[in-house]
Amino acid sequence: MNQGKLPRSGLGSLVLIAAVVGGGVAAFAYTAGWLSPGRLTPERMIAALTPPSGPPLGHRRNHAKGICFTGTFEANGNGAELSKARVFERGAYPALGRFNLGTADPHAVDATVRVRGLGLQIAAADGEEWRMALINPPVFAVSTPQAFHELLIASGKKDPEAMKSFIQANPEFAAFAAWAKTAPWTTSYAEDFYNGLNSFIFTDAKGGERAVRWSLVPMAKGVPVSQADLEKRGPDFLEQEIVERVRTAGPQRWTMVTTVADPGDPTADPSKAWPENRRKVEVGTLIVQRIEPERDGPCRDINFDPTVLPQGIRVSDDPFPAARSSVYRKSYDLRAAEARDYPRTEAAKP
């Protein structure tokens, strides 16, 4: 990607938004019926995600640009009412994560990427892990994995009619498009909200079940900024800023807020937000204490697979987590085989 002057609206708003989607959430795919003729496979999805310049060898096939962090998750005990998962019992649990950009280009200019993400792993003392992948949009772009694949195909075509036809067939895309065009940009990973847009089932100690989504709400005050102002910063300003912020201001914090569905709320469709009046429970605080470069950092070889769950949390009828799991696994296999293309530094080698 050209790291000089950034393009403006010449591509047209529909194509631009499609590019945002393709970069921002492109780890989602379709797993149901992998072996059926004409259905998607992880290989086909990864091929659709690959930029014209070729695959990012040695890197994740999407969200390729990122930086590691370590810290703790401090559970306040409130979550134990919702789930018997050990990580909700009051206490501090090791956390490992990765700030990232929704792009397949590990050298992308930060101001060109609309969607930012956060991968997180929380570990309990008994060895159970809770992994998740969150992004900053409040809704997903489309309602089904198949529609997402169609979006990637449409956005890759030069014919503007392709996107128009896609939007006509998938009207739910409008909510994401509105966010992409109007939501303020921020100057730091620390100032972003991160949303787990998929629904999961929490099971409490008595066997009661409820559908839940969750978000990480930043304690740092967001500073809105225009994309034009971001263009004036360096191509890697987000990584540089979070390193300097943690070094000078200390650990950064997010409140984990779970939202409990009412009966009838859609659980299989992440493009539909639940009403604002749904019950919310603050279950703890993520504290980012240390930032480490990805090349040699502890998050490099972690798949933030959302189906890696502790007892007390399970997947719902939402098909996206299982789909992402398959694509993540294939992406890991590819980048592991290409390790020589993204080698660790000599000091970090065993």
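How many cavities of 30 Å³ or more does the structure hold?

Guide: Before we go in, bear in mind that this is a predicted model, where local features need pLDDT of at least 70 and side-chain atom pairs count only at pLDDT 80 or more, while totals for chains, interfaces and linings use all residues. Residues are numbered from 1 along each chain as its sequence is written, and side-chain values use heavy atoms, with hydrogens and water left out.

Now to your count: the structure holds 2 cavities of 30 Å³ or more. E5 contributes the largest share, 5 residues. Sorted by class, the lining has 9 nonpolar, 3 polar and 1 charged residues.

Rolling a probe the size of a water molecule over the atoms shows where empty space is left. On a 1 Å grid over the protein atoms alone, a cavity is a set of points where a 1.4 Å probe fits but cannot get out; a pocket is an open set with protein on both sides within 12 Å along at least five of seven lines; and lining residues have an atom within 4 Å of a point. Grid points are joined across faces, edges and corners, and a volume is the space filled by probe spheres set on the points. For the classes, Ala, Val, Leu, Ile, Met, Phe, Trp, Tyr, Cys and Pro count as nonpolar, Asp, Glu, Lys and Arg as charged, and the others, Gly among them, as polar. Helices (H or I, at least four residues) and strands (E, at least two) are DSSP runs, numbered from the N terminus.

E5, E6 and E7 each supply at least two of the lining residues, and E6 gives the most, with 5. By class, the pocket lining comes to 19 nonpolar, 7 polar and 8 charged residues.

Follow those strands and you reach E7. Of the 9 residues of E7 (residues 252–260), 8 are buried, so this strand is largely enclosed by the rest of the structure. Buried here means under 20% relative accessible area, exposed means over 50%, and partly exposed is in between (1.4 Å probe, protein chains only). E7 has a partner on either count of bridges you care to follow: 7 bridges join it to E6 (residues 209–218), running antiparallel, and 8 join it to E8 (residues 280–292), also antiparallel. Two strands pair if DSSP finds at least two bridges between them.

Asp 192 sits in the loop between helix H5 (173–182) and strand E5 (194–203). Asp 192 is buried, with a relative accessible area of 6%. Its side chain makes a polar contact with the side chain of Arg 116 at 3.0 Å. That term means a pair of N or O atoms within 3.5 Å; within protein, one must be able to donate a hydrogen and the other to accept it, and residues adjacent in sequence count only if both atoms are side-chain atoms.

Stepping back, the chain has 8 helices and 9 strands. Buried residues make up 55% of its 350 residues.
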